[in-house]
Amino acid sequence: MRIVVLAGGIGGARFLRGLKAAAPEADVTVVGNTGDDIHLFGLKVCPDLDTVMYTLGGGIHEEQGWGRSDETFAVKEELAAYGVGPEWFGLGDRDFATHIVRTQMIGAGYPLSAVTEALCARWKPGVRLLPMSDDRVETHVLVELDGERKAVHFQEYWVRLRAAVPAHAVVPVGAEAAKPAPGVLEAIAAADVVLFPPSNPVVSIGTILAVPGIREAIAEAGVPVVGLSPIVGDAPVRGMADKVLAAVGVEATAAAVATHYGSGLLDGWLVDTVDAGAVPAVEEAGIRCRAVPLMMTDVDAAAQMAREALALAEEVRV
């Protein structure tokens, strides 16, 4: 079975770990969000790609869900001693090595897709990890600070501001001119099923879909497209999906996120059992819907979610 998964960071990575356990023989291609990418300390940092790579490769900090395990922060402390910022974004020493290698390779002329493949040669994540694009795309958030509206990088909104101020707009800067990375459209065309894990529908999956050609390729692939709600009980499982959903005029409910994606894209949608009452509304919108447990408390729970998604894919296929 050939499966394509659109993935953001922690939620996408943990779902992928469950998918690998549920379907170990499947050929899985992951299209990773690069809208969170940022240049810091002269280095190109790709948080979502790295979170998938580290999680599936066994190097993730399990409690945080991001960054390396057994991490130290000597370089960060030395940079701070020199007065070099930003202090609000901390990179660990082990993590620095990944970004140094990536930046050196890009500087030597390699595209991000080739760099990602080279990094994965070490981590062996067991999936083919592709950036959504080799072109630079950065998600910016329009906020109001000190009485003035300004656009800040998503990382600043999430890490420094902790999403404590309202988001008035979310813009994937550069997306309209970007092209899908090599292999992305081909993987979608060859897929047997496409899955949207419980990643942020605006700044993760939404940014991937903003790259011209990707949404169209999925809609035209003729295979089941099944998503899992990141909203449980009218609140995000983790992160700030409710804040950015409000910025695009979408309620923070499982049903609203399904209709935000739309029946022209989604064939099936899984909601948590606490949101079983949303099933009729989603199905009325033309999307097959089932209520199942959606809390990824461990790998087994994530694997069961993946099985439910694949079962729903088979259901909508016929």
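Are Y54 and W123 buried or exposed? Y54 is buried, and W123 is buried too. Buried means under 20% relative accessible area, exposed means over 50%, and partly exposed lies in between (1.4 Å probe, protein chains only).

Before moving on, some ground rules. This is a predicted model, in which local features need pLDDT of at least 70 and side-chain atom pairs count only at pLDDT 80 or more, while totals for chains, interfaces and linings use all residues. Residues are numbered from 1 along each chain as its sequence is written, and side-chain values use heavy atoms, with hydrogens and water left out.

**Stop 1: aromatic pairs**

The structure holds five aromatic pairs. Rings of Phe, Tyr and Trp (its six-membered ring) pair if their centres lie within 6.5 Å; planes under 30 degrees apart count as stacked, over 60 as edge-to-face and the rest as tilted.

Select F41 and F96. Their ring centres are 5.9 Å apart and the planes stand at 55°, so this pair is tilted. F41 sits in the loop between strand 3 (38-40) and strand 4 (43-45), and F96 in helix 4 (residues 93-107), so the pair ties together parts that are 55 residues apart in sequence. Helices (H or I, at least four residues) and strands (E, at least two) are DSSP runs, numbered from the N terminus. F41 is partly exposed, with a relative accessible area of 25%. F96 is buried, at 7%.

Go back to Y54 and W123. Their ring centres are 5.2 Å apart with planes at 65°, so the pair is edge-to-face. Y54 belongs to helix 2 (residues 47-57) and W123 to helix 5 (residues 112-123), so the pair links distant parts of the chain, 69 residues apart.

Now pick F196, Y261 and W269. These three form one aromatic cluster.

**Stop 2**

Switch to cartoon view. Seven strands form an open sheet in the order 5-2-1-9-10-11-12, with parallel pairing. Two strands pair if DSSP finds at least two bridges between them. Strand 5 (128-131) and strand 12 (288-291) are the edge strands, each pairing on one side only. Neighbouring strands of this sheet are turned by 20° against each other on average, direction ignored. Axes are lines fitted to C-alpha atoms, for helices over the stretch in contact, and angles run from 0 to 180 degrees between N-to-C directions.

Zoom in on strand 1 (residues 2-7) and strand 2 (residues 27-32). They pair in the parallel sense over six bridges. R2 has D27 as its bridge partner in strand 2, and I3 has V28. Five of the six residues of strand 2 are buried, so strand 2 is largely enclosed by the rest of the structure.

Which helix packs here? Helix 1 (residues 10-22) packs on the sheet and touches strand 1, strand 2, strand 9 (193-196) and strand 10 (225-228). Its direction makes about 160° with that of strand 1. Contact means heavy atoms within 4.5 Å.

Next, select R2. R2 is partly exposed, with a relative accessible area of 43%. Leaving aside neighbours within four places in sequence, R2 is in contact with D27, A190, A191, D192 and V193.

**Stop 2: the cores**

A nonpolar core is a set of buried Ala, Val, Leu, Ile, Met, Phe, Trp, Tyr and Cys residues joined through side-chain atoms within 4.5 Å. The largest one has 60 residues, and those with the most contacts inside it are L6, Y157, F196, I218 and W269. Helix 11 supplies the largest share of this core, six residues. A second, separate core of 40 residues includes V28, L56, M105 and V292.

**Stop 4**

Most residues other than glycine have a negative phi, and most peptide bonds are trans. Select G85 and P86: a cis peptide bond joins them, with omega about 10°.

Then pick K124, in the loop between helix 5 and strand 5. K124 has a positive phi of about 50° although it is not a glycine, and it is exposed, with a relative accessible area of 63%.

Finish at D146, in the loop between strand 6 (138-145) and strand 7 (148-153). Its phi is near 55°, and D146 counts as exposed at 83% relative accessibility.
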